[in-house]
Every structure is written in C-alpha cells, then in structure tokens.
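Subject: Structure handover

Hello,

Please find the structure below. My notes on what was found in it follow.

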Amino acid sequence: MVAQRQGNNSSPIGNDHHLSYGFKSSPPAQPSTPQVNLQPQDDALSFSLDTITQIDICNVELSVFNLYLLKQLRRSTRLLNRLEMKQKFEKKLRKFGFIEEADRLKRCRAEVVSLVCENGHSFRPIPDFQCYLPFCPDCCERKSIIELRKKLPKVFQALKNDPSLILALNTLTIKSDNDRKLVAGNNKLKEGFKTLRRQKVWKNCVGGFGRIENTYKKSVGWHPHLHSILLLKGYIPQKALSDAWNGVTKCSKVVDIRTVHDVATGLIECIKYPFKPSDLKKLGKPQIAEMLDAKGERLGVSFGVLFGIEVDDDLDTGIDVEYAEFVDETRKLEVGDPCPICQTKLDLINFTARGYAEFLGSIRVAARGSP
Ligand SMILES: [Zn+2]
Ligand SMILES: [Zn+2]
C-alpha cells in the first residue's frame, strides 16, 4: 500500500516552517512520495486503530518507539474528531455573521508539514496557520500542552525543594447571574481569589497556579470557576475553605479541594479543564461576541512559590524520563536525518488536516519485537 502525498503541493507553506526545519533562505526540495510499508511484521503482533482501544497499554511492555507510535494512532482519532467539531463551529460562526473568525477557524491547521520516513513514522508536524480562537479545539489543546510544559518543571522543582509539600486540586466557583457579563464574572472571581489568599484559611498554601473557565447555560448565564493546583504545607479543610469563600464572595459556598498523589495526573486534570474549548453549541450570538471581546483577558493566575521559581536542569520528573527524552530528541530532527525508529531517510511532506490524521491512523504498531 502506498501513501499518497496529501494536500496540494502548490499551496503556500510559510517560510517559518522552512526556517524551523533549519532552512535559511531556499525552500526544501520537493519530497518524493514515501513508500509506506503497512504490512505487519512476521514476528511481531501488530495492531491497527480498530484494535488499539482493546489493548490495555499498561499491561503491555512497550518500547519507547512503540509508545510513540501508539500515541500517534490515538492522536489520529482525536484529530479527526476535532476536525468534525471545527467544521460545525465554523458553520455556526458563519451563520451568526462572524465571517473573519469563521475564515480563521477554517484555515487553522488546514495544512500540516511533517517529517515522514519510508515506513510512515511522522515527526515534528507543523501547522501552516493557527487561529487561537477560544473555541478552537486544536488551539486549546496546543495551549494546554504549552502550559503543561512550562508549569510541570516548576511544580517538580518546588516539591524537590520541600518534599513534605502536599499537592492539591482546588476549584472555586461563583454563583451564576444571568445579568452579569462574562468579563465581570471573571473579575469578580479574580478579586475574590486575591482576597481569599490573604485569609487565615489560606496560610498553609505556599503557592500554586490556576485558570478560569466559564460554562454557559441559557437559563443561568455564565458560570465562572477557577481550577488551580496548590502546594500545601498542611491540609485545608473543605468546610473552612467553603466558609471563607462564602465570606469573600457573599454568594458562593461551592468549593472543592482534594489532594493528588500523582503530580503529572494532577496537573493534567488542572490544566485540561480550563483549556477545553468552549462548547459553541450552547452559545448564542451575544455570548460568542463576548468571548471574542474577552480574548486577550488574562485567565491564568500564579502565586506563591510557583511564581517566578527558578528551574534547574537535572529534574527528576518522575514521569517516563526515557520517553520524554525521546520526544525531546525528535524536536531536533531535520530533513534528510535518519528516522529515529527505523533509520530510513526523513522527507518533508505536505498534508491536509484530514490527510495527516488518516496518515497517523494507518501506522502499524508492533507490540513486541522492534518495529
Ligand atoms: Zn485553531
Ligand atoms: Zn521510520
């Protein structure tokens, strides 16, 4: 089976991409169409996208390579789902007359260039354009990944400096009010949080960071809440926190605080929710306009020891260091380099969004033996 080169070769790919692949002035030579070997290897169990969901990957000893490929298979499904979501969003924006935003969403990641080897292993995909709209599922995911990469080492460093610290997830909410604008609700939450941090109940918290998220329901209006991750030198009782928060906001006792034992999972929980794209289905034209107006607003907060902490180089992150190193290495790959998985030469290939998602989904992953 041969993978067709996806997308239109004459379509403009900004020079940025070439620069980021190490090209200075001249664009790369047109890559040849890669021959993709999709035949399962004789001595290895192989899985397609259909069977991948049936595998409990925790029970399978996976090499770093296979883990990478498995993640790409999963990514394929996510990309396809998001593509569908984006098309629906685009239609809605157009219907409401947000033409410029609809056009941006349509262009967002419509084309991707990636380094691809003969065996269909793909590295360093770079989109042609990103829209950064608050309801773009691709851009929201990207933001959350960037945020994680920035924050994770800081939290590890703080825990390394003081291993007795407790990690907790905290959610604070304020009551919905149909007459209150989106920005006003966010400001009320931010002000309330500032006041809360000066209260006695907060004395055990040495630092943290978080982000405001808003949901919307026609019957109640915007519902702002702040998810944050906290470093504590002692537990904060839920009841005491609830009373203090009610004292500050005069409207809401609704808080949640829970300890997390796995740092990476905790951080992902904390960051995933605030960055999930707004559900455009529930929003009317005025709410979309409000969101677009509030686009530049700072929704992130960071405080205490996590504010401006220095990060040193030899972090013991506790997550899969070997895997993290592998992914890090792939970011340095350039055209002509050998594929780190199968050693065949890497070429630069243009894809459409759908073409790239389907390409990732067509890769075979061997569960044992080398790929
Ligand atoms: Zn986007
Ligand atoms: Zn390869």
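A residue is called buried here if 20 or more other C-beta atoms lie within 10 Å of its own, exposed if 12 or fewer do, and partly exposed in between, with C-beta atoms placed from the backbone. On that basis, 31% of the 371 residues in the protein chain are buried.

This is a predicted model: local features need pLDDT of at least 70 and side-chain atom pairs count only at pLDDT 80 or more, while totals for chains, interfaces and linings use all residues. Residues are numbered from 1 along each chain as its sequence is written, and chains are lettered from A and ligands numbered from 1 in the order in which they are written.

Overall content

The protein chain has 11 helices and 10 strands; these are DSSP runs numbered from the N terminus, helices being H or I of at least four residues and strands E of at least two. Two residues are in contact if their C-beta atoms, placed from the backbone, lie within 7 Å. Of the contacts in the protein chain between residues at least 6 apart in sequence, 78% join residues at least 24 apart.

An open sheet is formed by 3 strands in the order 3-2-9, with antiparallel pairing (two strands pair if DSSP finds at least two bridges between them). Strand 3 and strand 9 are the edge strands, each pairing on one side only. From one strand to the next the twist averages 25 degrees. Helix 11 (residues 353–361) packs on the sheet and touches strand 2, strand 3 and strand 9; its direction makes about 115 degrees with that of strand 9. For such angles, axes are lines fitted to C-alpha atoms, for helices over the stretch in contact, and values run from 0 to 180 degrees between N-to-C directions.

Strand 2 (residues 111–116) and strand 3 (residues 122–127) run antiparallel and are joined by 4 bridges. Val112 stands opposite Pro127, and Val116 stands opposite Ser122. The hairpin of these strands has 5 residues between them, and Gly120 there takes a positive phi near 80 degrees.

Strand 9 (residues 347–352) contains Thr352, which counts as partly exposed because it has 18 C-beta neighbours inside 10 Å. Thr352 and Pro127 are 225 residues apart in sequence, yet their C-alpha atoms are 9.6 Å apart.

Helix 9

Ile288 lies in helix 9 (residues 285–293). Ile288 counts as buried because it has 22 C-beta neighbours inside 10 Å. Leaving aside neighbours within four places in sequence, Ile288 is in contact with Phe96, Phe98 and Leu283. Its C-alpha atom is separated by 9.2 Å from that of Phe135, 153 residues away along the chain.

Regards
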